[in-house]
Amino acid sequence: MCESMRAFGGITMRVIMDFALFTQFIINGLMQGMVYALVAVGFTLFFGVLDIIKFSHGDVLTVGAFAGLTIYLIVASIGIASPWVILVLILVFSISVTALLGAVVAKFLVIPLKQARAPALNILLITLMLGTALREAVRLFFPDGSSSKAFPALLPGGAFELGMLSLRFDSILLFATGVAVIIAMHTLITRTKLGLAIQAVAQDEETSKLMGINFEAIVLMTFMLGSAVAAIAGIINGLYYNEINFTMGLLLGAVGFSAAIIGGLGNLYGAILGGFLFAGLQTFAVVVLPIPIAYKDVFAFGVIIILIAWRPTGLIAETSSERV
Amino acid sequence: MKLKITSVLVVISLVVGTSSATADVIKVGFIGPISGKLAANGIAGRNSAELAVQIRNADSHTQHKYELVALDDECKPNIGVQVATKMAADKDIVATIGHFCSAVATGAVDIYHKFGLPIVVWGAIAPAITYGNDYGEVFRTIGTLTSQNETAIKFMESRGYKRVVMIHDTTAYGAGHQEAFATFAQTSGVDLVESIGVTADQQDFTAELTKVKSHNADVIYFGGLVDLGIRVRNQMDKVGVDAQFVGVSGIIADTFIEGAVNAEGSIAMRQGAPVEDMPGGPKYLKLYEEAQFDNPPEAYGIYAFTAMNVLLDAIEKAGSDREAIKDTLAGLPEKDYAIGPVRFDSSGQNTFSLITPVVVKDGKWVKVE
C-alpha cells in the first residue's frame, strides 16, 4: 500500500516536473515568436503597401536597440534613477531615431526609385546594402561596438517558480507589450483614417492618388510605422536577453522575412503566424528531435523551404482585398 | 621608348631600395585580430610584440636591427589565410609570430609550411595547430587547450561538483575543448551528462538551457569565446538555471564582466596565470606601461611578448635565413621567459604549460583562493 502510494506520488511528481519543463519550453518559444512576429509585421507592411522588400529591416532593429542603450547611458550618467522614466525615455528616443531613419530611407532611396520605375530587385539590393552599412556603422561608431553590450534590466525582477518552471515577471510584461503593439498596429490600420489611406495605397496606388490621397506622405508614414515597430522589437529583445550586439539584426531579419513570407507576405495575421511558427519549429527541434541542437536553425529553415514549396503564396494566401 | 627607360629606372631603384633596406634591418612579422570582435586582444598582442622589438633594438649586444610588420587577421579564417600568404610571400620577412584565434591558425599553418616561413603561435590554443600536422615551421609558446580541461576537471572534483553539462561552439576551438574535456571526464569523478554544440553566433539559448535545467547540473561548463559566454551566462538567469558557470580561457576578458549582468562568481580556466603572478609578469607590465601604448596589455599580451622574444633569440643565433631560423627554434635550449620556461617538443609545442582557475570577484578576474 505504502509502496504503491509512494510510486504513485513519484509519478505525479514526474508529471508535474515534465509539465513544468514543457511549459518552460512553450514560454521561451512564445517570447522568441513575439520578437520574430514584430519583425515580420514590418516586412509585411512594406510589402503590402509598396510591393517592396526592405532588407535593412533587421539592422534598423539593431539601430533601435543601440539608440536605446545610448540614451540609457546618457540618462544614467545624469543620475535619473526611476526605471520607468528611463524606459519611457528609451522607447521615445529609440522610436524617434528609427522612425526618422525610416522616413529618410523612404524619402531619398525608395520613393525616387519607385518613381523612376526601377525594378523591385534594385530596391531590394539597395536596402540590402543599406543594412550592411547600418550594421557596420553601429560596430564602428558605438564605442567598442564589436563587443556584446549589456542592456540594462529595467523591468521588475522576480519570478514565479514551480518546480522546473520559472516564469519571470519581466518576460510576461514584455510579451504583453508585444501583444499590445500588434493590437495597436492592427487597430491603426483597420480603424483610423491613416490606416484606411494606407490600405487604399496598398490596394491601388494610382486610384488612391486620384482620390486625393497624398501618396508620398502615406509612404513616409508607413516606413516610420514599420521602423518604429522594429525599434520596439529591438528594445524588447534587449530587455529580454539583457545583451545586444551589432549582428543581432542579421538573423532576426532573415527569420522575420521568412516568417512574413511563410505567413503570406502582405498579410498581417500571416506575419504573426509565421513568427510563432518559426519559434515553434526551433523549439520542436530542440525538445523533440534527436538531432544535435546546433542543427535547430537548419531544421527550422528546412521546414520553411518545404512549406513554401507546398504553399508558394504563404499559409494565409494573399488576395488583393486582404492586403495589410 | 621613353616609357621603357623610365620603367627600367623604376625597377632599378626598387631593387636598390629593397636590397639596401635588407642589409641592416631584419623584418619580423606579427599577425593577430587587430580589428573585429577580439581587437582588444589583438592590439595588446601587437603592442607587446612591438615592445619586444623595441627592447631588442635598444640592446647594445644585439647583432641586428629589427622591424615589426603587423597584419590583421580579424579572427576570420579566410582573412587569416590571406594575410598569412601576404606575410609568407614577402621575402624580406624572415619569421613571424601569429594568431590569437584557433580557427584562423589551424587554417593558416599550411601556408607557412608551403612558403617555409617559421611561425611561433602566440595565442591560439587548439591542439591541432602543432599536433595536427608535421610541419617543422610551426612552433607555439602558449600551452594547448588540452591542459585547461585537465585542470577544469581537477577543479570541479576539488569543489565536489558531480554533474556537468557542457555548452560549446562547434568551431575548432569549442569542439576541441569538448573533446579534451570529455576524454578527461571519463577517468574522473565528474559526470559529463550532456554536451550541447551551438553555432558561434547564436543569440538565443533559452531552449538549450531549459534542457540543461532538466539535468539538475551542478556546473555549466562553457567552451567558446566571450560574446557567446555572455549570452549563455545572462540567459541562465532567464530560465532559472542555478548552476555554477565555469568557462574556458576564451571568456577571460573585461568585456565578459561588462557584458554579463551577473558576471560575479563566474569561473574560468586561465592559460598561464594572471599576468602579475607570472615569473616575468611584473617586469613586463612595467615595461609595457613605460612604453605608453594607448591600449591595455590584456590577459594575453605577455604571450605575444614571449613569442617574439623566443623568435628574436633564434634569429640572433641563426641570422636571416628562414631555414636556419627554423632549425634553431627547434633546437633552442630550455630558457626562462616572461611566461615561464620555454622548450619545444618534436611537434614544436612548448612542453611547459600552466593553468590557473580564476573567478570574477568585485568586477575583476582574480585567482581562485
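Colleague: What conventions apply to the model and its numbering?

Modeller: This is a predicted model, in which local features need pLDDT of at least 70, side-chain atom pairs count only at pLDDT 80 or more, and totals for chains, interfaces and linings use all residues. Residues are numbered from 1 along each chain as its sequence is written, while chains are lettered from A and ligands numbered from 1 in the order in which they are written.

Colleague: How are two packed helices described?

Modeller: Two packed helices are described by the angle between their axes and the distance between the axes. Helices here are DSSP runs (H or I, at least four residues), as are strands (E, at least two), numbered from the N terminus. Axes are lines fitted to C-alpha atoms, for helices over the stretch in contact, and angles run from 0 to 180 degrees between N-to-C directions. In chain A, helix α2 (residues 57-77) and helix α4 (residues 120-141) pack at about 25 degrees, with axes 8 Å apart. Therefore α2(A) and α4(A) are roughly parallel (angles under 35 degrees; over 145 is roughly antiparallel, 65 to 115 roughly perpendicular and the rest oblique).

Colleague: Which residues of α2(A) and α4(A) meet?

Modeller: From α2(A), Gly58(A), Asp59(A), Val60(A), Thr62(A), Val63(A) and Phe66(A) meet Gly131(A), Leu134(A), Arg135(A) and Val138(A) of α4(A); contact requires C-beta atoms, placed from the backbone, within 7 Å. By class, the residues of this contact are five nonpolar, three polar and two charged. Ala, Val, Leu, Ile, Met, Phe, Trp, Tyr, Cys and Pro count as nonpolar, Asp, Glu, Lys and Arg as charged, and the others, Gly among them, as polar.

Colleague: At what angle do α9(A) and α11(A) cross?

Modeller: The axes of helix α9 (residues 248-264) and helix α11 (residues 296-310), both of chain A, come within 10 Å and cross at roughly 30 degrees. That makes α9(A) roughly parallel to α11(A). Ser258(A), Ile261(A) and Ile262(A) of α9(A) meet Phe301(A), Ile304(A), Leu307(A) and Ile308(A) of α11(A). This contact comprises six nonpolar residues, one polar and no charged.

Colleague: Is Gly42(A) buried or exposed?

Modeller: In soluble globular proteins, nonpolar side chains tend to be buried together. A residue is buried if 20 or more other C-beta atoms lie within 10 Å of its own, exposed if 12 or fewer, and partly exposed in between. Gly42(A), which is in helix α1 (residues 2-50) of chain A, is buried, with 30 other C-beta atoms within 10 Å. Beyond four places in sequence, Gly42(A) is in contact with His57(A), Gly226(A), Val229(A) and Ala230(A). Val229(A) is also among the contacts of Val41(A), which include Ile182(A), Met185(A) and Leu268(A).

Colleague: What is the case for Val310(B)?

Modeller: Val310(B), in helix α12 (residues 301-318) of chain B, is buried, with 23 other C-beta atoms within 10 Å. Setting aside residues up to four places away in sequence, Val310(B) touches Val120(B), Thr141(B), Tyr337(B) and Val342(B).

Colleague: How many residues does each chain give to the contact?

Modeller: The size of an interface is often given as the accessible area lost when the parts come together. Here the contact takes 30 residues from chain B and 29 residues from chain A. On the side of chain B that touches chain A, α8(B) gives the most, with seven residues. That side has seven nonpolar, 13 polar and ten charged residues.

Key
Two residues are in contact if their C-beta atoms, placed from the backbone, lie within 7 Å.
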